[in-house]
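Please open the model in your viewer and keep the sequence beside it, so that each stop on this tour can be selected in turn.

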Amino acid sequence: MDNMKIGNFIREQRTICNLTQKELADKINCTDKAVSRWETGRGIPDVSLLIPLADALDVSVNEILSGEKIAEEEQIERMEETIVNTMSEKKKEIVRLNKIIYAFLVFSEIFSIYFFTISATGSDAMGLLVGLLLLTIINSALLGITGIDFKYKCIYPWIVTIAFIPSNYLYWSADEALEVGCLYGMAHLIFSYAVILICAGIVKGISKIAKRK
């Protein structure tokens, strides 16, 4: 969807209907600032406002989303096109959001591993390992319930485990670092995969139940 095209169309139709931004906003129960944002292409109307807006401007929802008047014989064809474009835009937004969530989870766990390792004292060994495992469980659970592609969920434990290896040498002696690193690395992979699979399974089960109802 072209935000500027939609905005120009809303402004043109508002002018034709002899409405100010404030009057249009009052008609559809929103703010004149929202109308201004639409008309300048900085946003588009919320789904809940499309029908009231179409009624107020004496146009169809399809015409608003297309940003132009549509001949009656073209309405059905253009409606299908609008639906496909809208779904495509939503899919792209979800993909972008999932990428941000994935990057955040990877960064937050790796950052926390190094922060806790550097901050820990000599007597914190057991607490450090337990804390890192708890962090693994929390992040893996969050990853498991997201809609991120399952293959990327499976890659996640390996990314964190590989990034974790150098941190061992910041806390443990050279001899201990390899042993602890291998043990914790295996524990991280096992816990992370188990939690991801359990949470992903729960979400999938809930989704199936919801569809049946």
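Is E68 buried, partly exposed or exposed? Select E68 in this predicted model: with a relative accessible area of 27%, E68 is partly exposed, because the buried class ends under 20% and the exposed class begins over 50%.

Next, select R14 and E39, whose side chains meet in a salt bridge of 2.5 Å, N to O. R14 lies in helix α1 and E39 in helix α3 (residues 32-39), 25 residues apart, and both residues are buried.

For the next stop, go to helix α2 (residues 21-28), where K22 and D26 are four residues apart and therefore separated by about one helical turn. These two form a salt bridge with the closest N and O atoms 3.1 Å apart; K22 is partly exposed at 45%, and D26 is partly exposed at 46%.

Then move to K204, in helix α10 (residues 174-212), which is exposed with a relative accessible area of 54%. Together with K208, K211 and R212, K204 forms a positive surface patch.

Finally, show the whole chain, which has ten helices and zero strands, and whose C-alpha trace spans about 80 × 40 × 25 Å along its principal axes.

Key. Residues numbered from 1 in each chain as written. Predicted model: local features only at pLDDT ≥ 70, side-chain atom pairs only at ≥ 80, totals over all residues. Heavy atoms only, no water. Patch = residues over 30% accessible without salt bridge, like charges linked within 9 Å, V, L, I, M, F, W, Y side chains within 5 Å. Areas by Shrake-Rupley, 256 points an atom, 1.4 Å probe, with all protein chains shown as cover. Salt bridge = Lys/Arg side-chain N within 4 Å of Asp/Glu carboxyl O. Lys, Arg positive; Asp, Glu negative; His and termini not counted. Charge placed at Lys NZ, Arg CZ, Asp CG, Glu CD. Helix = DSSP H or I, 4+ residues; strand = E, 2+ residues; numbered from the N terminus. Buried < 20%, exposed > 50% of the residue type's maximum accessible area, 1.4 Å probe, protein only.
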